[in-house]
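Keep the sequence and the 3D view open while you work through them.

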Amino acid sequence: MPSKGVLVEEDVIDIALAGNPNVGKTAVFNALTGMHQKIGNWPGVTIEKKEGVFSFGGIKARVVDLPGIYGLNAFSIDERISRDYLVTSRPDLVLSIIDSTNLQRNLYLTLELIEMGMNVIVVLNMQDELEAQGISIDTEGVARELGVPVVMISALKRTGIKDLKDKIFEYVGKVSSRTERKFHDQRIEEAIRKIESLVLHSDISSELDPRWLSIKLIEKDPEYRTLLERASSGTKGAVDQIVSDLEKSVGDASIAMAQERYRSIQEIYTNFVKKNTGRVDFTDKLDRILTNRWLGIPIFFFLMWLTFEVTFTIGNFFLEQIEIGFEWLSESAVSLLAGNVPEIVVSLVSDGIISGVGSVMVFVPNIFFLFLMIGVFESSGYMSRAAFVMDRLMHKIGLHGKSFIPMIIGFGCTVPAIMATRTLESRKDRLITMLVSPFMSCSARLPIYLTFTGIFFSKHQSTVVFSIYVIGIAAAIGMAMLFKSTILKGESSPFVLELPPYRPPMVKETLRFAGSKSLMFLKRAGTIIFIVVLVIWALATFPAGVEYGSKESYAGVIGSTVAPLMKPMGIDHWESGVAVLMGALAKEVVVGTYQTLVGEGNLELTLSEYFTPLSAYAFMLFTLLYMPCVAVFGAIWEEAGVKWALFTAVYTTVFAFIVASLVFQIGSLFLA
Ligand SMILES: Nc1nc2c(ncn2[C@@H]2O[C@H](COP(=O)(O)OP(=O)(O)OP(=O)(O)O)[C@@H](O)[C@H]2O)c(=O)[nH]1
Ligand SMILES: [Mg+2]
C-alpha cells in the first residue's frame with residue numbers, strides 16, 4: 001500500500017466508489033473491472049462492499065464498490081459499511097459517482113468527501129439520460145468550483161470511461177493535494193481550525209483526518225463524541241467551549257453547516273447547469289397509472305399473475321422436452337445395466353439418481369423464466385413502484401414500504417431477501433422483515449406447486465399457484481402486524497421512498513441474471529439434492545430384504561413416525577412425512593423425495609391416489625409456510641442471531657400446521 005500522499009508507479013492504488021444509492025456505482029465498477037456485479041434499478045442493490053482490480057497504462061488499481069449513502073451520517077447497516085470504509089480505510093482515491101440528472105441532491109455527499117480531505121474525482125454518470133432530458137452541465141465550471149477533477153461518463157453506454165481512467169492516471173505520481181476549497185462560513189471555518197489544532201496536540205487518540213474529526217465534533221455526531229468522552233477533561237472542556245461559542249453566533253452548528261453545503265450546491269447548480277424545459281417526462285406519465293391510488297395494487301397483482309403465466313406456459317413447454325429426455329435416459333440406463341451389474345446398482349442409478357435428481361432438474365426452464373421476469377422488474381424500476389404502492393398498506397401495519405423490497409426479492413430466494421433487509425434503518429423493522437420474508441414463496445418451492453397443480457388443477461395452474469403466492473404475502477403482512485404490535489413494538493422510521501426513473505431492462509444483464517440463477521439451481525440439484533436423493537434411496541432400500549420404498553424400509557419407519565402429525569391436514573401416508581423432513585434442508589428436494597420413494601412407479605399416479613385436490617392444496621400451503629431451508633436459517637442466524645433463527649423455524653412451522661389444517665378441515669365441511 002502506498003503511503004498516503006505520494007503515489008508511485010509500481011504501487012497498487014486503492015480506489016473507492018462512493019455515491020448515493022442507484023446512481024450507477026456498480027455499473028461504473030463493472031465498466032472499470034470488467035466484472036459482472038449485480039446492478040438493478042432501485043436504491044439498495046449493493047449491500048456489501050465488493051472488490052475488483054484493473055490495470056491501466058502500467059498502474060494497478062484495486063477498486064471497492066460500496067453500498068449507496070446520502071451523506072456521511074450513517075443509519076442503516078449497508079450505509080455504515082460504506083461510511084466506515086471511507087473513514088477508516090482512507091482509500092487513495094474516491095470516485096464520487098453522481099447521477100448527473102440529479103446533481104443537486106447528489107453533490108451533498110461529494111462536498112462531505114471533499115471536506116473529509118479525500119482525493120476525489122467527481123464522476124457525472126448517466127450522460128445519456130442527461131442528454132435525453134436536454135440538460136447540459138459545464139463540467140469545467142463544476143471542477144473549478146469544487147477544486148477537484150470532474151468527468152462526465154455513461155457507465156451504461158460505456159462512454160467517457162477512457163477519460164475517467166486518464167483522470168485516475170493523473171493521480172499517480174502526483175502529491176495528493178487536499179483541496180483548498182472551503183465551503184463554510186468564516187466563523188465556522190475558524191472554529192474548525194481551532195478544534196483541529198486542539199485535536200492535533202491533544203490526547204484524543206484517533207486515526208481520523210483532524211479536519212474531518214473537527215467537523216464531526218462541531219456537528220456533535222454521537223459516534224465521534226465518544227472519542228471526546230475518552231479524552232482528558234481539559235480537552236473536552238476546550239472543545240465544548242469552542243462549539244458553544246460558535247453556536248452563540250450561528251445557532252445550531254450542524255444545521256448551519258448543512259445549510260452552507262446546500263448553499264454551495266445551489267450556487268453550482270444555478271451557474272453550471274442548463275435545463276431545457278418543455279419535455280414530457282415518460283416516467284411521470286407511466287407513474288400516473290402504475291402508482292395510481294386505485295390501480296396500483298391491482299396492477300401489481302396482475303403483473304405477478306402474468307409472471308406465473310409466463311413461467312408456466314413457456315417454461316412447461318421446455319419442461320416436457322426435458323422430461324422426455326430423462327425418461328429416455330432412465331430407460332437406456334436400465335437396459336444397459338440390467339444383467340451386467342447387481343440389481344441394487346440398477347435401482348440406485350435409475351430409481352435414485354436419474355429419476356430423483358431428474359425430477360428436480362426438469363424445472364430449470366421454469367426457474368429461468370421466473371428469474372427473467374424478476375430481472376425485468378428489477379432493472380426497469382418497477383420494483384420500487386411495487387414497494388411504493390404497498391407502502392400505504394405497509395404503513396397501516398407500522399412498517400415502511402421499503403420493507404417490501406426484500407420481500408419481493410424473496411420471490412427469487414429468501415437468502416438475498418434476508419440480506420436486503422440491511423437497508424432498513426430501524427433494527428426492529430429489520431427483524432420483522434426477516435421473520436416474515438420466508439413466507440414470500442421462493443423459487444425452490446415452485447417445483448412443488450408445478451407438480452401438484454399439474455396433477456390436481458391442470459386447468460387453472462397459474463391461478464392456483466397465484467393464490468398460494470397471495471396467501472404467502474397475506475401471511476407475511478399479517479404476521480408482521482402481529483410482531484409489530486407485540487414482541488417488536490416500536491416507532492417506524494420516517495423515510496421517503498425513492499422512485500428511480502424507468503429504464504429499459506438491460507437485455508444482456510437480465511439474461512445473465514436469469515441464467516446464473518438457473519445455474520445455481522442446477523448446482524444445488526447436483527450437490528445437495530443429489531446427496532439427499534442418495535440418502536433417501538438408501539433409506540428406501542434398507543434394511544436388506546424389504547421391498548423398495550415400502551413401509552418396512554427405514555424411510556417408511558421414519559415417515560410413519562411423522563405422518564400422524566399431518567393427519568389434520570388430510571395427509572395420511574408416510575411418504576409426505578419424509579418429503580417434509582427433507583424439505584427442511586432445501587425445498588427443492590420435496591419433489592425429488594417423492595420421486596425417489598416411488599422409484600420406478602409413476603409419480604403422478606401415486607400422488608393422485610394419496611391426495612385429493614383439497615389435501616393437495618393444504619399440502620402446498622404447508623410447504624409454502626413451514627420452516628425455511630437451512631440456508632435461510634443460516635442467513636438469519638448470521639444477521640440476527642441464533643435465537644431469532646430458531647424462533648423463525650419454530651413459529652413458521654406451527655403457523656403452517658395451523659393454516660394447512662384449518663384449510664383442510666373447513667374445506668372438508670364444504671365439500672362433504
Ligand atoms: N441510462 C443510464 N443508466 C445507467 C447508467 N449507469 C447505471 N445506470 C442504471 O442505473 C441503475 C442503477 O445502477 P447500479 O449500478 O445498480 O447503481 P448503484 O449506485 O450501484 O446502486 P446501489 O448499489 O443500489 O447503491 C441501473 O438500472 C443501471 O442500469 C448510465 O450511464 N446511463
Ligand atoms: Mg451498487
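**Exercise 1.** Which helix supplies the largest share of the shell around ligand 1?

Start with the ground rules: this is a predicted model, in which local features need pLDDT of at least 70 and side-chain atom pairs count only at pLDDT 80 or more, while totals for chains, interfaces and linings use all residues. Residues are numbered from 1 along each chain as its sequence is written, and chains are lettered from A and ligands numbered from 1 in the order in which they are written.

- Step 1: Among the 27 residues around ligand 1, those that come nearest are Gly-24, Thr-26, Ile-39, Thr-46 and Gly-68 (a residue is near if its C-beta atom, placed from the backbone, lies within 6 Å).
- Step 2: At least two shell residues come from each of α1 (25-33) and α4 (127-132) (helices are DSSP runs of H or I, at least four residues, and strands runs of E, at least two, numbered from the N terminus).
- Step 3: The answer is α1, with three residues.

**Exercise 2.** Find the order of the strands in the open sheet.

- Step 1: The edge strands, each pairing on one side only, are β2 (50-56) and β7 (150-152) (strands pair if DSSP finds at least two bridges between them).
- Step 2: Begin at β2, which runs antiparallel to β3 (residues 59-65) and is joined to β3 by seven bridges. One to look up is Lys-50, whose bridge partner in β3 is Asp-65.
- Step 3: Carry on across the six strands to read β2-β3-β1-β4-β5-β7, with mixed pairing.
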